[in-house]
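Have the structure open as you read.

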Amino acid sequence: MNLKTEAVRQELDDVTLAQRVQAGSAGAFELLMRRYNQRLYRLARSMLRDAADAEDAVQDAYLAAYQAMGTFRGEASLATWLSRVVVNQCLARMRRQARRDNIIPMVSMGGPDEQEAPVMPADEKDTPDRALLRAELRAVLERKLDELPESFRTVFVLRSVEELSVEETAQTLNLPEATVRSRHFRARSMLRESLAQDIDIAERDVFSFDGERCDRIVASVLGKVAAKP
């Protein structure tokens with residue numbers, strides 16, 4: 001069995017894969033990246049709020065991880081170890097941007113006693129119409145996520161999108177588990193509130209009767225009236 005087949009089947013454990021990368025195996029490094037690309041990109045995107053910046057941060061993180069692979073001992077999962085590298089890259093970028101803009105990135109804390117809401121189950125098989133609706137809703141949710149403070153946004157992505165456990169998220173972000181729970185709860189609350197406001201605004205425009213439609217109806221009726229003997 002070749003290396004690619006092994007990794008695709010997730011049969012290479014973290015330490016073995018890291019050792020092969022450290023030994024200079026380009027194939028092992030490629031497989032490592034393909035295995036963790038999605039999680040790391042989503043993490044970077046949640047922190048930086050820009051797709052291009054997130055890609056650059058993940059690339060820089062991989063280069064840093066490659067150089068430091070000899071320090072990986074398997075005490076945490078490879079995914080967690082790589083995630084911490086990505087977090088550090090993103091924080092460094094945010095600090096540089098803050099210095100350029102002469103601002104400080106917003107960091108907010110949730111209350112320690114808030115309870116975490118359950119993760120909603122995934123929808124059943126999509127029809128084409130449902131797939132389109134899900135794509136539209138995803139775009140709205142991504143926009144709303146970008147409006148959250150970074151500390152809440154990152155926890156939400158790891159917990160609700162990547163479906164990491166509270167413990168894994170805490171390890172990745174170097175936070176107490178209670179903080180992870182409270183920030184996730186607060187992020188979900190803020191998203192619900194923000195989406196509800198959009199729905200309230202949209203309700204006022206449901207079946208909107210604009211001037212063009214009004215003119216069309218009037219002209220049609222008048223035309224029919226005039227056509228009568």
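Which residue takes a positive phi just after α2? That's Gly-24, at about 100 degrees. A word on ground rules: this is a predicted model, with local features needing pLDDT of at least 70, side-chain atom pairs counting only at pLDDT 80 or more, and totals for chains, interfaces and linings using all residues. Residues are numbered from 1 along each chain as its sequence is written, and side-chain values use heavy atoms, leaving out hydrogens and water.

Helices here are DSSP runs (H or I, at least four residues), numbered from the N terminus. At the start of α2, a side-chain oxygen of Asp-13 comes to within 3.1 Å of the backbone nitrogen of Val-15. Further along α2, Leu-17, Ala-18 and Val-21 are buried (under 20% relative accessible area, 1.4 Å probe, protein chains only). Down the axis of α2, its buried residues fall within an arc of 100 degrees, so they line one face of the helix; the arc is taken from the directions from the helix axis to the C-beta atoms.

Of its 37 residues, Leu-32, Tyr-36, Met-69, Leu-78 and Leu-82 touch the most other members. Helices supplying at least two residues each include α2 (14-22), α3 (26-48) and α5 (78-101). Beyond its neighbours within four places in sequence, Leu-82 is in contact (heavy atoms within 4.5 Å) with Leu-32, Tyr-36, Leu-40 and Ala-65.

Definitions and conventions
A nonpolar core is a set of buried Ala, Val, Leu, Ile, Met, Phe, Trp, Tyr and Cys residues joined through side-chain atoms within 4.5 Å. Buried means under 20% relative accessible area, exposed over 50%, partly exposed in between (1.4 Å probe, protein chains only). A polar contact is a pair of N or O atoms within 3.5 Å; within protein, one must be able to donate a hydrogen and the other to accept it, and residues adjacent in sequence count only if both atoms are side-chain atoms.
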